[in-house]
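Welcome, and please open your viewer. We will take a short walk through one protein, stop by stop.

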Amino acid sequence: MKFFWIIPFFLLQDTEAFLMKNAKVKLCLQASPMNGDLLLEDCNPESDFQDWSWQGDSLMNHGTQSCLSMVGANRVQTSLCGSAGYTSWDCSNSLLSPLGSSQGYLVANRKGVALNSVGGLKAQWQDVADRSVCEEKAATAEQDRYFPAALASTHVYDHTAGNMTLALGIGQEELEELLWFFRREDPSTWNYSVLALSVVALILGLLLLAINIVRNRKRKIHVYREAVQTTQQAELEAKQALMPVQEEYSPAELRKQEPVLQDQRSGEVVVHWKDGTVTSLYTEI
């Protein structure tokens, strides 16, 4: 039953968020993640620190997970939702004022925002579609009616058992776990982790590339040396094969054979034996 609410929670996460743009200066309200200050910056739908949503009568910033609160007489900043500085807001005709207080309206000024009793365009807040933030509150309340178990612990009385249970069979602890799981947290840690992994992967890739280049060079040098040795060995074998022929027909032996050939008569057949003697095939009778 817990997973039945995953899809509604996921869809409501983005549909509830909206930008708070001042009707006068045309800048959007942005929460600072450092000290809770509020700034007026150019509208950026991609920034979580400019995303706001209604949580009942409170305005929560999705980037800091803190609520718009009144500090002092006319100062406004973000603080933890449910803390001592937690403030509920009344919204009427695009004007935001602290609920149950006469401090004035949320007004844009040069330093950012503050509370002022003077209304006008500087006190009117809209979304990027120039729709009043009060309409966003009404739309959120309408959605809450369709998903009561996702935003509050609605109990019914069981007459048979005499115990308090949730209408859909979800316990209070499970509901709080779901609410915490689907809150939008600061993605800086995830971004830094991905960046670090990318750097490690880049360094590892360069290291493997360098190792591959060195191994290819060594392999080419080894192949070249083997080819040179093979060539030299073939030349040496060829020279050794020619040496017996040169020794057998040396110039000295040829000079020794010349006198014998000179004494040979016409038509005489001479036999040259292996022991070096030369005789005539046919002796004279």
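This is a predicted model: local features need pLDDT of at least 70, side-chain atom pairs count only at pLDDT 80 or more; totals for chains, interfaces and linings use all residues.

Residues are numbered from 1 along each chain as its sequence is written, and side-chain values use heavy atoms, with hydrogens and water left out.

Start with the cartoon view: the protein has six helices and 16 strands (DSSP runs, H or I of at least four residues for helices and E of at least two for strands, numbered from the N terminus). Of its 285 residues, 27% are buried (under 20% relative accessible area; exposed is over 50%, partly exposed in between, with a 1.4 Å probe and protein chains only).

How many disulfides does the protein have? The count is three, a disulfide being a pair of cysteine sulfur atoms within 2.5 Å.

Select cysteine 28 and cysteine 43, whose sulfur atoms are 1.9 Å apart. Cysteine 28 sits in strand β2 and cysteine 43 in the loop between β3 and β4, so the pair ties together parts 15 residues apart in sequence. Cysteine 28 is buried at 0% relative accessibility, while cysteine 43 is partly exposed at 31%.

Next, pick cysteine 67 and cysteine 81, also joined by a disulfide. Cysteine 67 lies in strand β6 and cysteine 81 in the loop between β7 and β8.

Finish at cysteine 91 and cysteine 134, another disulfide. Cysteine 91 belongs to strand β8 and cysteine 134 to helix α2, so this link ties together parts 43 residues apart in sequence. Both cysteine 91 and cysteine 134 are buried.
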